[in-house]
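Biologist: I would like to go through the terms used for this model and see what stands behind each of them.

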Amino acid sequence: MTRMFTFHPLQRSPRLFTRNPAGALRTLLLIAACIVLMFYDHQRGHLEKVHAALSTVVYPIQAAVNAPYALAGWAEQKLATHSALVRENASLQKQLLTDSAQLQQFQALEQENASLRDLLQAGQRLDGQVMAATLLAVDMDPFRHVITIDKGTRAGVFDGQTLLDAHGIIGQIIRADPLSSEAALITDPTQAVPVQINRTGLRTLAIGTADPGLLSLPYLANNADVRVGDLLVTSGLAGRYPAGYPVAVITQVQRNPADPFARVSARPVAELNRGHAVLLFFPAVAPPLPSPPQTHSVKKPPKGKPR
Amino acid sequence: MNFVLRRRANWVIVVTYLVALLLSIWPLPDWAEAFRPAWLLLATIYWCLFLPHRVGLLVTFGVGILLDALTGSLLGEHALALLLIAWVTLKLHLQIRVFPWWQQMLVVFLLSLLYSFVLYWVDGMLGYTQGALLRWMPVLITSLLWPWSMQLLGMLQQRFQVN
């Protein structure tokens, strides 16, 4: 009898007609709950505790997905051949030599800068500290440029914290959970970075375009002094990002006399590969640093032409 | 005895949902990311179709919130889309069950169209309007995967006596 009404040959429902499992009241209540959740979640700061609890619940799933990649990285280290290690060592030595040579020059420049600032009676620049973190190898929503890192509030991560890599700004933390954190990349369409053109000091905003290799600068006047190849650094305005870090390189400038603004696009200098090491920036003043593990002080990168 | 067995087989449902969640965040190459099938949608449709007295709206709401937490979307976004699908499936489960496989595929196509539409709608209100064409790729792939996932889940259901 049951067979007659069901297509699926494996179906062995004990009841032919189940009681109504999709009652109107229950459906409406749950849908309303979803809408209320979305509404409050959109206004950041209301659901932090819920997010913290949920992130702890889903962390094992993220860790499980990340595990094969972590294992592959570990195995690569353990099983690397002697010659490969020697080669890597040689190239790292070379890199270190070049970098320390640049650093010597930089120390002299820093002192010169400090004395000039003294003469101008301007305040001293404060250096921050950084902490290393790793991108988790998990995919987030494909239409948002959001990443997950393996450090959370327990390691001192806070909302709005700047995320860097060896080349420049990656983005900022948009949600710090106890064990992991979410960060929005500068290419996310909801993000804008206050930048200045390193060559001229002209200040503007670099806006995310949802294209991973493209930032747009819509607020540069048609006669603005901007050229292809100019480096954009953070201006430090708005107080979110620390000043003076590389963000992007101008790739295209289109000037149309009919438009008030030039069409300028730029390519981010930071690299965003999976399993990539990133750096969390801790400003030297408030918010205070709750003694995060493995921190070491970092100097501001020298301003100059992009490599 | 029957009662004990029935309760014990709960883990099969939990495992299928867990696998669907794992697959939803499994890292894919960048070009393939937009083609990722909506795994959780397939699991939800299957269980609501063939086990409506045990997997209903509350379970769907729960896994939807977990998916939101995993993918970094707005809390409640995927839950809302899945809830609507689950509601339609539960309402029509007796009809959809007796459909031949290609008609079921058509139903899954329409349901995942609704699913993608709700996600696009919420994202659009937040300003994520890019990739309008790519958003419909998972609809096609999810519905093409339906017959296989139904066979697989059916085998699991029979093997472990989940009913």
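Predicted model: local features only at pLDDT ≥ 70, side-chain atom pairs only at ≥ 80, totals over all residues.

Modeller: Residues are numbered from 1 along each chain as its sequence is written, chains are lettered from A and ligands numbered from 1 in the order in which they are written, and side-chain values use heavy atoms, with hydrogens and water left out.

Biologist: What makes Arg144(A) and Asp123(B) a salt bridge?

Modeller: The term needs a side-chain nitrogen of Lys or Arg within 4 Å of a carboxyl oxygen of Asp or Glu. The closest N and O atoms of Arg144(A) and Asp123(B) are 2.2 Å apart, so the pair meets the definition. This pair crosses between chains, from the loop between strand 1 (129-134) and strand 2 (146-149) of chain A to helix 7 (residues 101-126) of chain B. Helices (H or I, at least four residues) and strands (E, at least two) are DSSP runs, numbered from the N terminus.

Biologist: Which residue pairs with Asp123(B) within chain B?

Modeller: Asp123(B) also forms a salt bridge with Arg135(B), at 3.0 Å from N to O. Arg135(B) sits in the loop between helix 7 and helix 8 (137-159) of chain B, 12 residues from Asp123(B). Asp141(A), Arg144(A), Glu77(B), Asp123(B) and Arg135(B) are linked in a network of salt bridges. The count over all chains is 9 salt bridges.

Biologist: Why is Asp123(B) called buried?

Modeller: Buried means under 20% relative accessible area, exposed means over 50%, and partly exposed lies in between (1.4 Å probe, protein chains only). Asp123(B) has 2% relative accessibility, and therefore counts as buried. Arg135(B) is buried because its relative accessible area is 6%. Arg144(A) is buried as well.

Biologist: Where is Met131(A), and why is it called buried?

Modeller: Met131(A) belongs to strand 1 of chain A. Its relative accessible area is 0%, so Met131(A) is buried. The C-alpha atoms of Met131(A) and Val278(A) are separated by 8.4 Å, with the two residues 147 apart along the chain.

Biologist: What is said of phi at Ala210(A), and what of Ala238(A)?

Modeller: Phi of Ala210(A) is near 75°, a positive value in a residue other than glycine. Ala238(A), not a glycine either, has a positive phi of about 75°. Ala210(A) lies in the loop between strand 7 (203-208) and strand 8 (215-217) of chain A, and Ala238(A) in the loop between strand 9 (231-234) and strand 10 (246-254) of chain A.

Biologist: Is Ala210(A) buried or exposed, and is Ala238(A) buried or exposed?

Modeller: Ala210(A) has a relative accessible area of 15%, so it is buried. Ala238(A) is exposed because its value is 71%.

Biologist: What makes Val19(B) part of a nonpolar patch?

Modeller: Patches take residues with over 30% relative accessible area and no salt bridge; like charges are joined within 9 Å, and nonpolar side chains (Val, Leu, Ile, Met, Phe, Trp, Tyr) within 5 Å. Val19(B), at 41% relative accessibility, counts as partly exposed, so it passes the area cut-off. The patch is formed by Tyr69(A), Trp11(B), Val15(B), Val19(B), Leu23(B) and Trp26(B), with about 520 Å² of accessible area together. Accessible areas come from the Shrake-Rupley method with a 1.4 Å probe; for residues, only the protein chains shown count as cover. Helix 2 (residues 10-25) of chain B gives the largest share of the patch, 4 residues.

Biologist: What makes a space a cavity or a pocket?

Modeller: On a 1 Å grid over the protein atoms alone, a cavity is a set of points where a 1.4 Å probe fits but cannot get out; a pocket is an open set with protein on both sides within 12 Å along at least five of seven lines, and lining residues have an atom within 4 Å of a point. Grid points are joined across faces, edges and corners, and a volume is the space filled by probe spheres set on the points. The search finds 4 cavities of 30 Å³ or more. The largest cavity has a volume of about 450 Å³, and helix 7 of chain B gives the largest share of its lining, 5 residues. The second largest pocket has a volume of about 870 Å³.
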